[in-house]
Amino acid sequence: MSAQLAAQIKSICKAAENNPARLMDIAIAVQKQLGAVSDAAVDLIAKNLEIPRVDVDSLVTFYAFFSKTPKGKIIIRLCKDVVDQMNGVAEVAATLETELGIHFGETTPDGAISLEYAPCIGLSDQAPAALINDVPITHLDSGKARHLAQLLKREGALAHLVKTFGDGNNAHNLIRSMVVNNIREPGPVILAPYTSGSGLKKALALSPAEVIRDIKTSRLRGRGGAGFPTGMKWDFTRQAGGDKRFVICNADEGEPGTFKDRVLMTECPDLIFEGMTIAGYAVGAAEGIFYLRAEYAYLENFLNAVLAQRRKAGQLGKNICGKLGFNFDLRLQMGAGAYVCGEETALISSCEGHRGDPKTRPPFPAQKGYQGCPTSVNNAETLCCVARILECGPGWFAAMGTKGSAGTKLLSISGDCARPGVYEVPFGIRISDLLKKTGADHAAAIQVGGPSGRMIGPKEFNRTICYDDLSTGGSFIVFNKERNVVDIARQFMEFFVEESCGYCTPCRVGNVLLRNKLVEILQGHGAPEDLAYLEDLGRTTKLASRCGLGQTSPNPVLSTLENFRPAYEALLKKGRGRKDEEPLLASFNIQAALSDGATLAGRASSIFTPTTGSKS
Amino acid sequence: MSETFELTIDGVTVSAHAGETIMQVADRAGIYIPRLCAHKELHPFGACRVCTVLVNGRPQSSCTQPAAPGIVVENDTETLRNVRKSLIEMLFVEGNHYCMFCERSGLCELQALGYRFGYLAPRYPYQFPTREMDASHPDIFIDRNRCVQCARCVRASRELDHKTVFEFTGRGAHKAIAVNADARLADTDVNGTDRAIDVCPVGCLLRKRHGYRTPIGQRKFDHQPIGSDIEAARSPAAVTG
């Protein structure tokens with residue numbers, strides 16, 4: 001057995017050239033083939049790569065898709081994000097538990113099936129959804145969940161899981177997924193017809209400096225949400241010097257409620273890869289990395305096939321499109337379940353075969369990025385714009401949108417609306433107009449930019465989507481007035497608690513404390529002073545955190561406190577049941593504190609037994 | 001020599017050399033910026049965030065942020081004092097810190113920061129986590145209850161001892177210090193004289209049989225608050241600015 005394990009690990013490591021920088025690929029392969037990255041496997045990987053054991057352990061214990069103990073051959077990962085909760089995921093979960101006879105976090109006794117929750121898997125427009133190993137299953141309800149569990153138990157395989165395929169490339173031979181695109185509104189830039197190679201050929205007719213000049217003229221800004229001017233980023237990368245430079249495409253969209261990259265990768269992979277190739281030409285890189293989140297592993301073979309096709313067509317490789325001396329190729333890097341890897345320096349750490357800890361900045365990636373070389377990290381949507389700008393000209397692009405925000409933006413719209421899906425809209429569009437388009441007739445609150453963005457109420461529905469007003473990476477979740485905004489904030493905080501890398505104090509501890517206080521308030525143990533506590537804690541966490549995760553994670557709490565304060569106030573305890581008593585330590589739950597003692601004593605407290613009529 | 005320039009910290013004009021961090025500049029000028037994970041002999045890490053300052057209005061960790069000509073650094077302000085005290089409180093409630101029977105009491109930098117910031121009771125509830133201890137090694141023990149995740153041991157083992165005894169595993173609230181062995185410190189190549197043990201700011205890494213060589217009452221922070229050694233270097237001219 002152990003000799004067999006040693007041989008398997010040896011061959012996996014050898015396939016990755018025993019290169020520690022490819023530790024992610026190795027761990028992914030071990031997890032896939034052996035069902036776990038066990039302590040024994042960690043030892044063997046370390047020996048083969050000649051690196052400290054604890055470095056392997058550090059990576060393996062960081063990513064959600066790795067496990068030290070064996071899991072089932074089939075892993076059901078049910079998405080529990082807020083939109084799934086709104087669409088009845090609780091019933092689906094209960095059905096799965098009943099049918100499989102296990103709880104979440106457990107594996108069936110025969111080792112066949114494991115049941116887990118996953119944070120947003122990029123399918124909020126067709127929630128509730130789950131991943132069965134790599135296979136997405138959408139629009140679940142308890143009937144489908146029962147059928148699914150029975151099928152998996154009976155067959156122990158995924159072969160007959162998907163019977164009908166989604167539209168467009170979802171039905172492609174290499175995808176064959178039930179996922180649908182839900183492209184509700186195509187626009188002039190990204191979701192428009194494109195002839196492969198047209199932008200690239202025009203780029204190669206220019207000098208790299210001229211390409212950068214055109215991108216600057218187009219006023220293109222990063223689509224990930226931060227909005228840094230793309231041309232400037234490229235300029236810094238190019239001017240940083242050194243022999244080696246890299247371009248990385250960030251396709252690690254993990255913000256709950258976002259799924260537009262999923263549609264881009266399904267329908268416009270050429271456009272993204274072409275943008276990357278142009279970026280490579282502009283900054284002087286010979287290598288690119290396309291970072292694909294583990295939740296989209298079902299697109300891996302398809303994307304690799306598109307790359308192979310581009311190599312064949314002379315659009316990747318040596319002397320691209322006949323341009324002598326322009327050599328560029330790129331590889332896919334799979335992630336393994338970590339939202340923080342969407343942060344560009346964490347993404348670089350992950351590509352280098354480390355845990356996804358963000359790096360200290362400065363130096364910025366444009367100065368010192370992947371393997372210490374100047375690196376331009378761009379969002380998949382940004383790169384699509386790049387290819388189109390080169391094809392149609394910077395003036396064409398700059399004429400769309402607003403002064404500070406040129407072009408169009410892809411929005412992933414979900415929640416309480418009739419037409420969830422992807423919309424390509426010009427920057428500057430009003431929230432109220434978007435609500436009309438999507439058939440959200442009773443919207444009471446909208447989370448713009450996902451959890452790390454802002455929860456707005458009707459008085460802000462006349463605001464616009466653009467970098468100078470409401471900036472967003474693309475997530476747009478609509479809530480009706482029946483939804484409990486405090487509980488939504490609590491769910492978002494659960495997400496950040498799970499996804500914080502834990503490197504810095506405020507994000508590691510502050511998010512837990514914020515979440516815990518929201519739970520207390522929701523259970524009816526909140527005191528009036530708790531709102532000031534939340535505000536102070538939220539502000540501290542934002543101010544002191546090391547990267548964008550902690551700098552934005554308190555936003556759900558702070559923006560709901562700002563815009564929906566009555567929802568909090570309605571939950572607060574106003575005293576302790578006696579009129580003359582101040583709400584001293586209202587957050588203290590005497591019954592919970594006594595529960596251990598009561599269990600030991602085998603009776604309830606004779607003094608603190610709740611009497612009828614007492615509020616607490 | 002290297003280029004020098006000026007910047008201001010709390011309104012005091014100080015001179016800096018290119019390549020220095022804001023913290024190094026402040027230290028030389030006798031201006032104390034509170035810190036926990038930073039250590040003079042180790043590469044800056046920027047994890048505890050206690051040394052957060054505002055640089056031209058933007059929060060940055062002063063241990064990692066390079067000094068630059070003309071920048072305006074805010075350090076000792078009410079907002080930042082509150083943020084730092086919050087961070088110290090977070091570290092106290094996150095672990096299990098019982099100063100009254102900890103053998104590092106009086107030498108502990110977390111405790112000393114608590115005193116410096118007038119910390120009496122935490123505004124946050126104690127988390128009372130369950131954390132593992134490791135007394136397997138003949139000369140050293142690890143009490144993870146007191147770990148503040150400063151990574152000083154991680155860095156010192158690599159940078160000063162040229163080993164890799166320590167590293168973090170897990171993520172978020174589950175992140176913990178781990179050793180380069182299946183489980184036990186005794187199975188690593190750590191040595192009782194390793195610098196990695198000296199640099200622990202709290203009572204997480206301790207040498208066995210050394211605990212009370214310096215009696216309580218005669219310890220580093222028993223008489224002078226943390227940071228006073230740095231402030232002692234402040235010249236009268238700098239004070240008047």
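How many bridges join β3(B) to strand β5 (residues 72-74) of chain B, and in which direction do these strands run relative to each other?

Modeller: This is a predicted model, in which local features need pLDDT of at least 70 and side-chain atom pairs count only at pLDDT 80 or more, while totals for chains, interfaces and linings use all residues. Residues are numbered from 1 along each chain as its sequence is written, and chains are lettered from A and ligands numbered from 1 in the order in which they are written.

β3(B) and β5(B) run antiparallel and are joined by two bridges; strands pair if DSSP finds at least two bridges between them. Within this pairing, B:L54 has B:E74 of β5(B) as its bridge partner. β3 (residues 52-55) also pairs with β4 (residues 58-61) of chain B, in the antiparallel sense and over four bridges. There B:T52 stands opposite B:S61 of β4(B). The hairpin of β3(B) and β4(B) has two residues between the strands, and B:N56 takes a positive phi near 50 degrees in it.

Chain B as a whole comes to eight helices and ten strands, helices (H or I, at least four residues) and strands (E, at least two) being DSSP runs numbered from the N terminus. Its C-alpha trace spans about 55 × 40 × 35 Å along the principal axes.

As for the partner chain, 29 residues of chain A are in contact with 28 residues of chain B (C-beta atoms, placed from the backbone, within 7 Å). On the side of chain A that touches chain B, α19(A) gives the most, with seven residues. Helix α19 (residues 505-522) of chain A packs with helix α2 (residues 78-94) of chain B at an angle of about 65 degrees, the axes being 10 Å apart; axes are lines fitted to C-alpha atoms, for helices over the stretch in contact, and angles run from 0 to 180 degrees between N-to-C directions. α19(A) is therefore roughly perpendicular to α2(B), a class that covers 65 to 115 degrees. The contact involves A:T505, A:P506, A:V509 and A:G510 of α19(A), with B:L87, B:M90, B:L91 and B:E94 of α2(B).

Terms used. Parallel < 35°, antiparallel > 145°, perpendicular 65-115°, else oblique. Contact = placed C-beta atoms within 7 Å.
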